[in-house]
Structure formats: structure tokens, C-alpha cells
Amino acid sequence: MKSTTCDATPGGPAALAAAHLDYLLRLGDNALVLGQRLAEWCGHAPVLEEELALTNVSLDLIGQARLLLSHAGQLEGRGRDEDALAFLRDEGAFRNWTLMELPNGDGRHDDYAVTILRNALASALHVALWQALTDSSDEQLAAIAARSVKEARAHLRHAGEWVVRLGDGTDLSHARMQAALERLWPYTQEFWSEDETERRVSAAGIGVLTASLRPQWEATVADLLTRATLTRPRDTGFLSTGKLGRHSEHLGYLLAEMQSLARQHPGAAW
Amino acid sequence: MDRAADSGGSVPIAADATQARARAVVAAVTDPEIPVLTLDDLGVLRDVRLDAGTVVVTVTPTYTGCPATGVIAQDIRAALADAGWPDARVDIALTPPWSTDWMSDAGRRKLRDYGIAPPGPAADGGGTSGNGTSGGAASVHPVHLVRRGPTAATAATGQPECPRCSSPRVERLAEHGSTACKALYRCLTCREPFDYFKPY
């Protein structure tokens, strides 16, 4: 299909195919894991309108994940469909950023500030990422990106409004928003770390180096934080490694809840 | 059923006529969540063709995660089965991505009559991709921030009209409404709440 490009890639076609699959799993797992986290608010959100908002965002993300994982499964060619990839992989095989799997609060109490700020930070990147991927040489990925970018814009608008409302709100809401920012900010560094997977897919025109989207992300986020009267935390040396399959302690619990039904009833359909 | 009767005769039906009839059957299928809209009104019907006697329908999903997509495919197969094509196939095409700009004028009228404000123009021009690649930060900077307090001041941002009294004085109550595609608004003139089909 892309034989000329493949041959020019260090490591050859097999290495490129592996990187392509890995890249799709990263995109799909980011959507799936964040979608699952947001779905946890179902029945618990502070107001009905926000319950609908978060579950609708979750629905968009799970829809994206289904397309991406189906595509990954076809590309892999080992008969794994979206369900096999979502429900039958173990923790170490998931490739999402650690940011996506963090709990909706501090792990003991849900916190709307953490939930909504994560959506803002992630969707600010997804707007840029999906826009760039509409030019992917992988036509199916480009098609998924063209749809997803519209949804990411809506997610950013929703989360951005709340970041401003809460950040520039009462003393209490401001303090909680700033605390959420301090908690989540270190995990955004994982967006920018480059590795073989990213270098291979970007050289082949399938994907992009996420670091190339950083100026755009920084501009969006800086604007948001200014309006929200929040202070951008300093970058630390901390670097999470979820996209390499080395996760925080939180992903296992999330997967246990998400996967238990499908694993107890293998092959069940309803 | 009537197709079976038709083709039971000795005169073969022209493929074109059969195809047109299959298309009419599919086009009349309604959206499961907004039953006043047909698939034709909604603009999701891409193609209806005959492939060696099998009807093949191509539709495009609206929202990626829209739960209605699966139901729409089922309803199409059921409608075609009723019309005498029990083995129809429904394909899903992702490109070009659906946009609310594809909704027909008739569909917009029906929506308004039903009490749902029809969508304004899609923000990104809708339709096909490829309008600008990376671009500057400004080109993908959709955050229109709404602060608490006095509302209805910003009429510039494409607010809908009240579908009941046509007043432009409306306020948004919630970005996410009764389904994924709708927002909840209130008319400040007639005081009635209404759904707004969001531009996508």
C-alpha cells in the first residue's frame, strides 16, 4: 500500500506496521479510557445539565474509540475486533496517556475541577491533533479525524467555559481549580515526549509528532488560564509513561470495572 | 411483498425503476430520536444501489458515538425487508463527514414545526475536510466564553430563534440537552423552553 514509504523507513515495513498499530492504539485508548472515566459521573454529577454534558462527551469519545480500535484490529489482521481490544487486553497493553486514567478527583473524592480541567487540557490538544491528522496518509484515520475534530471543538468549548467560570469564580472555586491545575499539569508533559513510534508514523505521513502541536496547545491553554485567572504551573522533570504501557496504579481498577462483564460472559452479545 | 408480486410477473422490471423504488423506501425511514425527520431530510443517505439483486445502502453516521446509527441501520433493513428485499446490506461511510449543513430545507421546516430550532451554519464550514492543515492558533480557537450574569447580550454568536414565536431573544440553559445533538434554550419573549439542534 505504502511500499515506497515503507522501504525508506529505518527498520523496514514490519517496523512501520508495528508503529502504525501502536499509534492507533494510543489514539483509541486515549479516547476509550477518558470516555470510561467520564461515564463514571453518570448518576453522580453535580447538576443534571452537567451529567448530560459529561455523558455526551463520553459518548463521543467511546464512538471515536470504537472506530479507532476497529481500524487497529483490521490493520493488525489477527482477528481482534474493537471488543477484543477494549475488553481483553491487560493493563500493560494499553497505550493511553497516564493523564486519561487518573481518577476524577484525588482518588477518594470526586472533584469536578479535576474532571473539567482534564477535559480542557486534553481537548485543547485533540483539536490540534485531529486537525493535523485529517491529512494522514492512512485514509481511514483521516476520515475518523475529520469527524473527531468537530467533536473535540465542542468538548473544548464546554470544558473551557467551566474552567473560566470556576477559575474566575468564588475564592473557593478558584482555589480548587488552581489545585486541580497543580495536580494535572505534570502529566501533560507526556504529550510532548517523542519516541520511535511517533518518529516512524510521522516520517511515513501517517501521524504527527505531537510535540509539533505544542505551540498551538500552549496558546489555547494560556488564553484559557488568563481568562480563568489561574497561574500556569512550572514544568517539572516528571514524565509519565502510559503511552509506553507503563501506567499509574489507577488504570487497573478502571479496567477491572470496564472489562469484568465482558470477561465473565465471553462472546456474549445483546 | 408487492415487489414479490411485481417480479412474479413475466415482465422484468428495469433496474433503474427498482433502484428508485428501493431508494424511496429507504428515504422515508425516519430518525429514531426525531421521528419527524426522514433520512433524506437529515442528509445521511449517501447511496442506494443494486448489487447483483441485493440492495446496498450507504449511510453516514451523524455524531461518531450517536446511538441512533445502529438503530437507523436496523430500521433500513426492516423497511427494505417489508418492501420485499429481505437481504439488504447497510454500509457505513465516514467520508466526507456529515454536517448539519446537509440537512434539507424541508427538514429544517419540519424541525421548527416540531418545536426544535433548526441548526445554524456549521462553524467550520462543514462538509469536507482539508480546509487548512495546521494553521495558526487563531484558526482553531473556538472558545467563546460565556460568563455568568447578564445574558442575551451577544447576539453575534449565531443564536437560534424561538421555534414557537420566532423571537430572537433567547438564552441558553444548557449546551447539552435531551439528545447528544441538541442544546436546551429558553425564549425570553414567550418564556417557553425549546431544543436547539446544534450546528455540527
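Let's start with A52(B), which is found in the loop between β1 (45–51) and β2 (54–59) of chain B. When I say helix or strand, I'm using DSSP runs numbered from the N terminus: H or I with at least four residues for helices, E with at least two for strands. Phi of A52(B) is near 50°, a positive value, and the residue isn't glycine. For context, most residues other than glycine have a negative phi, and most peptide bonds are trans. A52(B) is also exposed, with a relative accessible area of 78%. My cut-offs there are under 20% for buried, over 50% for exposed and partly exposed in between, with a 1.4 Å probe and protein chains only.

Quick housekeeping: this is a predicted model, where local features need pLDDT of at least 70 and side-chain atom pairs count only at pLDDT 80 or more, while totals for chains, interfaces and linings use all residues. Residues are numbered from 1 along each chain as its sequence is written, chains are lettered from A and ligands numbered from 1 in the order in which they are written, and side-chain values use heavy atoms, with hydrogens and water left out.

Now take contacts, meaning heavy atoms within 4.5 Å. Among those in chain B between residues at least 6 apart in sequence, 56% join residues at least 24 apart.

There's a cis peptide bond here too, joining T95(B) and P96(B), with omega about -15°. P96(B) has its place in the loop between β3 (89–92) and α5 (105–114) of chain B.

Over to chain A, where T229(A) also has a positive phi, near 55°, and isn't glycine. T229(A) is in the loop between α10 and α11 of chain A. With a relative accessible area of 40%, T229(A) is partly exposed.

Next, aromatics. The structure holds 12 aromatic pairs over all chains. A pair of aromatic rings is described by the distance of the centres and the angle of the planes. The rule here: rings of Phe, Tyr and Trp (its six-membered ring) pair if their centres lie within 6.5 Å, with planes under 30 degrees apart counted as stacked, over 60 as edge-to-face and the rest as tilted.

So why is the pair of F191(A) and W192(A) edge-to-face? Because their planes are at 85°, with the ring centres 5.4 Å apart. F191(A) is buried, with a relative accessible area of 0%, and W192(A) is buried at 9%. W192(A) also pairs with W217(A): centres 5.2 Å apart, planes at 65°, so that's edge-to-face. That pair links distant parts of the chain, 25 residues apart: W192(A) is in the loop between α8 (171–184) and α9 (196–203), and W217(A) is in helix α10 (residues 214–227). Put together, W97(A), W185(A), F191(A), W192(A) and W217(A) form one aromatic cluster.

We also have charges over rings, meaning NZ of Lys or CZ of Arg within 6 Å of the ring centre and within 35 degrees of the ring normal. The charged end of R89(A) sits over the ring of F94(A), 4.2 Å from its centre. Likewise, the charged end of R165(A) sits over the ring of W162(A), 4.7 Å from its centre. R165(A) is in helix α7 (residues 139–167) of chain A, and at 22% relative accessibility R165(A) counts as partly exposed.

Then T197(A), in helix α9 of chain A. Is T197(A) buried or exposed? Buried, with a relative accessible area of 11%. Which residues is T197(A) in contact with, leaving aside neighbours within four places in sequence? Those are A19(A), D22(A), Y23(A) and R26(A). By contrast, T197(A) and H158(A) are 39 residues apart in sequence and 32 Å apart in space, C-alpha to C-alpha.
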